Every structure is written in C-alpha cells, then in structure tokens.
Amino acid sequence: MNNNQATAPPVYDNSGFRHDDERPPRFVPKQSLYPNPHMAPQYIPSNPYAINTHQTTAPEVLLPQKTGTRRYNWKHVLCGLLCAGVVVAIVSLFLWYFLFYQCFLGKSCGGRCLSRSQWCDGVKDCSDGEDERHCFRLQGDRFLLESFFSDKELWLPVCADNWHDDYGRAVCQEMGYEREDYGSFTRTNAGSSASGGYLTLSPTNGSGSRAQSRLSHSYSCSSRAVALSCVGCGVSSPAASSRIVGGTEAENGAWPWQVSLQIRGSHICGGSIISSKWILSAAHCFESYNRAYLWKVQYGDVSLIHMAFYNPSKSVDKIISHANYNPETNDNDIALLKLSSPLAFSSTVKPVCLPNAGLDLSPERQAWITGWGALRSSGTSPDRLNQAEVTIYSRGTCNAHSVLDGAVTETMICAGKLSGGVDSCQGDSGGPLVVKQGGVWWLVGDTSWGIGCAWKNKPGVYGNVPYFIDWVHEQMQNK
C-alpha cells in the first residue's frame with residue numbers, strides 16, 4: 001500500500017515474485033470494462049508486407065504430342081488432388097461442426113448431442129457434468145436466486161412457493177459453496193426478472209438427484225421469489241469501517257476477509273476469504289512457488305506479528321491458477337487456494353461477497369484496497385494492514401497513451417488516483433479491491449501489477465473478478 005509520489009523511472013512493480021527491472025505488459029484490448037467474455041481480441045501484424053499482384057513467371061504451356069494423346073504435368077495432377085482433398089476436409093469439418101458439435105437443435109458434450117431440454121434438467125448427461133454446472137446464479141445486490149430455463153434459454157427467478165432451507169443448502173452446494181457455510185433464504189420481489197415467468201418448486205416431481213429436476217416453468221407465483229444467502233459475506237465491523245480513509249492503518253474487523261499468504265513465516269502475497277475453504281488471490285504469486293505445502297495462510301488480525309504469535313495458520317491443500325494465465329501480459333491473473341481445513345468465522349474472520357450477475361459495477365466509482373505491501377516503491381513493508389480509497393476507471397481511461405498505453409485487457413481493471421499518491425505496491429499482490437453496495441462489500445479485483453507505486457497517471461491494475469466469476473464457481477464445484 002503506497003501513498004507517496006515517486007520520481008524514479010517506471011518499473012514493473014506490483015508482483016509477489018517479480019523484480020523492479022521487468023517491463024509492463026504489452027497488449028491492446030477492447031475498450032469496455034466488462035466485455036462479452038466470448039469475444040476474441042483482434043491482433044494486427046507488426047510488420048505487414050505488400051503483396052505483388054502481377055505475375056512474375058510465365059505459365060507452363062502444354063504442347064500437343066505426336067502420338068495424338070495429351071500428357072498432363074504431374075504437378076498439376078498433384079495440385080488438383082490436394083485441392084480436392086482440402087475441399088473434402090472443409091466440407092467434412094463443416095458438417096461435423098453443425099451436425100455433431102453444434103447439434104443444430106441442441107448442444108454437444110463428451111461425444112453426445114443433447115437436446116436443449118437436457119441441459120439444466122437435474123440429470124447429469126455429460127460425463128463431466130457440464131450440462132448441470134452453471135444452472136443457478138444469484139442476481140444483483142438482493143441475491144435473487146435465478147435458474148436457467150433451457151427451453152427458452154432464459155434465466156428466471158425461483159418462486160418461493162414450497163421452498164425451505166434444505167433446498168437452499170442443496171442449491172448453494174451445487175454452486176460450489178460449503179454446505180456448512182449456508183446462511184438463509186428470504187422472500188423478495190422479482191421485479192422485471194419475472195417478465196418471462198418463474199421456475200416453481202414441486203417437492204414430489206423430478207427424476208434427477210439435483211434441485212434443478214424439481215423446478216418447472218410457471219407464469220404465476222403465489223408468494224415472492226427466493227433470495228439466497230449461501231454464505232454470510234461482505235459484512236465488516238461498523239466501528240472500523242466508519243474510519244476508512246485513504247492511506248491509513250486498518251482496525252481489526254474492518255476487512256475480515258483479508259489474509260496473508262506466507263512461506264516460512266514471511267509475508268509474500270495477500271488474498272481474500274470467499275468461503276470457509278477457499279481463498280482468492282493472484283496467479284503470479286504462485287508462478288515460482290506452486291507447491292501447496294510451501295504456503296501458510298494467516299488470518300484474523302491486522303498485525304503480522306500478532307498473527308504469528310497468537311493466531312493459528314491454515315495449510316493449503318490445493319493451488320488452482322488460471323490455465324490461461326500469461327506472465328508476459330498478466331492476462332488471467334487469478335488463482336484459488338483450497339484450504340486443508342475450514343476456517344471458523346468470527347467478527348474478524350469473514351468472507352467477502354463474490355460479485356453476482358447484474359451487479360452495477362460501472363467505472364468511475366470509489367473502491368478500497370488493503371494489504372501489507374510496501375509503503376513506497378522498493379520500500380519496507382509495515383506490520384499493520386493498510387487501507388486506501390481509490391477510483392475504478394474505465395478501460396478507455398486506463399488504456400490512454402499517457403496512462404497505461406493499451407496494456408489493460410478485458411481480464412483486468414485499473415484503479416487508483418490519476419493524480420498519484422495512492423496505490424498498491426509490492427506485497428499487496430493478490431489482495432482485494434472491494435466496493436460497497438446494498439450494504440455489503442463485493443470483491444471486484446485482485447491486485448495484479450502496476451508501473452511504479454502511486455505515480456501520477458499510473459493507476460494499479462487488478463484481476464477482473466466479475467469476468468472470472470463462472471471460472472471461480474466451476475473450480476469450487478469441482479472441489
């Protein structure tokens with residue numbers, strides 16, 4: 001955490017196991033904060049060459065033979081056969097893609113073509129369970145429970161008729177949360193989300209083992225919709241949070257999801273509690289040290305010294321870095337740590353909320369960063385957790401030539417102060433960037449990289465957690 005303006009030349013300076021002599025990544029992304037994750041970036045050749053359109057050699061002429069028969073050049077024959085082979089291959093690929101892979105009327109998985117109605121019906125038809133993996137989600141800051149209705153390919157609210165906590169626990173478990181973390185369900189107004197109707201629970205019907213198999217479409221709901229709390233998240237101590245200002249020491253309980261990731265008692269990176277068994281951090285923290293047994297998780301206090309002497313640590317069972325993490329560009333800089341045993345929640349140990357679908361996370365809004373990182377570039381790290389208020393900027397602002405010059409991709413968010421003076425720094429990597437909405441705190445970023453610390457026009461860059469939310473839940477579901 002840094003709140004000092006520096007005057008040294010730019011360096012690549014916000015990484016758990018990186019050094020100041022590295023350069024910032026080079027990448028020219030699309031210009032929106034939360035783009036469609038299925039849109040591929042466009043690449044431009046760095047050295048295009050002109051193509052000659054005039055013919056430089058004369059074509060070969062076939063002369064008639066004295067015997068009265070025509071001899072064909074073997075090169076022409078071979079070329080014809082190759083062209084025919086290419087055409088056959090393209091047609092075969094086309095037919096395979098549309099008849100098998102796309103299935104025309106359904107979707108394919110594991111060598112099978114499933115009808116649309118077989119997706120999210122509560123029965124695992126794909127060998128890896130892909131057809132039942134992303135069938136529930138929470139919507140907005142009211143935690144409205146929605147389920148995917150495959151017949152109309154719509155997300156619809158779940159009616160609270162016949163609903164009880166046992167179904168809530170089952171759904172949360174299907175989404176990847178620990179059954180023991182379950183909070184409760186309440187009834188809420190579905191609003192415009194119910195324009196296509198509801199999915200209503202039938203306690204007796206359903207052939208599958210999952211809650212999805214008991215839901216059927218209805219245009220009416222005698223009670224209201226289900227709002228679901230899978231884990232009591234995003235709540236901090238009111239007394240501590242009221243003291244939040246930029247660049248100050250934090251009070252115990254203000255950021256109860258913040259953890260210190262350590263090797264042999266030394267703080268290396270930060271992380272955020274998202275459930276009793278899962279920590280979210282940055283992939284670059286584990287680029288060199290990716291063996292789970294090396295790491296310990298310290299939590300529950302703002303003082304590193306106090307935690308070392310009085311707080312127990314947790315060992316790590318598994319490290320899951322994003323498969324497409326690119327150390328050159330820092331694309332996909334996100335990782336999950338699964339703990340060997342669950343955390344016990346308390347006033348100083350609580351999870352932060354993962355961003356729900358439809359949550360308003362538009363840019364040019366205020367957010368907060370926390371960490372035990374250096375207070376200035378290449379400086380020493382503090383014993384107590386520091387906190388600072390920053391601004392989340394649009395990708396257009398981030399990628400301006402005078403700011404980060406196109407380096408912020410769709411998997412990233414930039415935040416800080418363009419005037420300088422407030423930023424994350426070495427040792428803050430993996431730690432949280434959070435916003436408050438609807439009375440709770442939401443995790444929108446993990447500290448990834450930066451140019452210097454707190455320099456003018458050089459805001460810090462964070463992993464775009466909303467972009468990765470399906471990936472996060474998928475890893476949690478796989479256990």
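**Contacts, cysteines and a histidine**

Reply: Happy to. Among contacts in the protein chain between residues at least 6 apart in sequence, 68% join residues at least 24 apart. Keep in mind that this is a predicted model.

Me: What does the protein chain hold in helices and strands, and how many of its residues count as buried?

Reply: The protein chain has 6 helices and 22 strands. Of its 479 residues, 51% count as buried. The protein chain exposes about 23,100 Å², and carbon and sulfur atoms supply 53% of that.

Me: On to the cysteines. What makes cysteine 233 and cysteine 353 a disulfide?

Reply: The cut-off is sulfur atoms within 2.5 Å. For cysteine 233 and cysteine 353 the S to S distance is 2.0 Å, so the pair counts as a disulfide. The pair links distant parts of the chain, 120 residues apart: cysteine 233 sits in the loop between β9 (225-229) and α3 (238-241), and cysteine 353 in the loop between β16 (335-339) and β17 (365-371). Both cysteine 233 and cysteine 353 are buried. This link is right-handed, with 95° about the S-S bond. The structure holds 6 disulfides.

Me: What ties cysteine 269 to cysteine 285, and which hand does the link have?

Reply: A disulfide joins them, S to S 2.1 Å. The link of cysteine 269 and cysteine 285 is left-handed, with -100° about the S-S bond. Cysteine 269 lies in strand β12 (residues 266-275) and cysteine 285 in the loop between β13 (278-281) and β14 (295-299), so the pair ties together parts that are 16 residues apart in sequence. Cysteine 269 and cysteine 285 are both buried.

Me: Why is the disulfide of cysteine 398 and cysteine 414 called left-handed?

Reply: Because the torsion about the S-S bond is about -90°. The S to S distance of cysteine 398 and cysteine 414 is 1.9 Å. Cysteine 398 is in helix α5 (residues 395-398), while cysteine 414 is in strand β19 (residues 412-416).

Me: How do you know that cysteine 398 and cysteine 414 are buried?

Reply: Buried means under 20% relative accessible area. Cysteine 398 has 1%, so cysteine 398 is buried. Cysteine 414 also has 1%, so the label buried applies to cysteine 414 too.

Me: Why is cysteine 79 in no disulfide?

Reply: The nearest cysteine sulfur, that of cysteine 83, is 4.1 Å away. A disulfide needs the sulfur atoms within 2.5 Å, so 4.1 Å is too far for a bond between cysteine 83 and cysteine 79.

Me: What makes cysteine 79 and cysteine 83 partly exposed?

Reply: Exposed means over 50%, buried under 20%, and partly exposed in between. Cysteine 79 comes in at 42%, so cysteine 79 is partly exposed. With 45%, cysteine 83 is partly exposed as well.

Me: Last one, histidine 322. Where is histidine 322, and why is histidine 322 called buried?

Reply: Histidine 322 is in the loop between β15 (314-321) and β16. Its relative accessible area is 13%, and the cut-off for buried is under 20%, so histidine 322 is buried.

Me: What is histidine 322 in contact with, leaving aside its neighbours within four places in sequence?

Reply: Asn332, Ile334, Phe468 and Trp471. Histidine 322 also has a side-chain polar atom 3.0 Å from the backbone nitrogen of asparagine 324. The cut-off for a polar contact is 3.5 Å, so that 3.0 Å falls within the distance limit.

Methods: Residues numbered from 1 in each chain as written. Predicted model: local features only at pLDDT ≥ 70, side-chain atom pairs only at ≥ 80, totals over all residues. Heavy atoms only, no water. Helix = DSSP H or I, 4+ residues; strand = E, 2+ residues; numbered from the N terminus. Buried < 20%, exposed > 50% of the residue type's maximum accessible area, 1.4 Å probe, protein only. Contact = heavy atoms within 4.5 Å. Areas by Shrake-Rupley, 256 points an atom, 1.4 Å probe, with all protein chains shown as cover. Polar contact = N/O pair within 3.5 Å; in protein donor to acceptor, adjacent residues only side chain to side chain.
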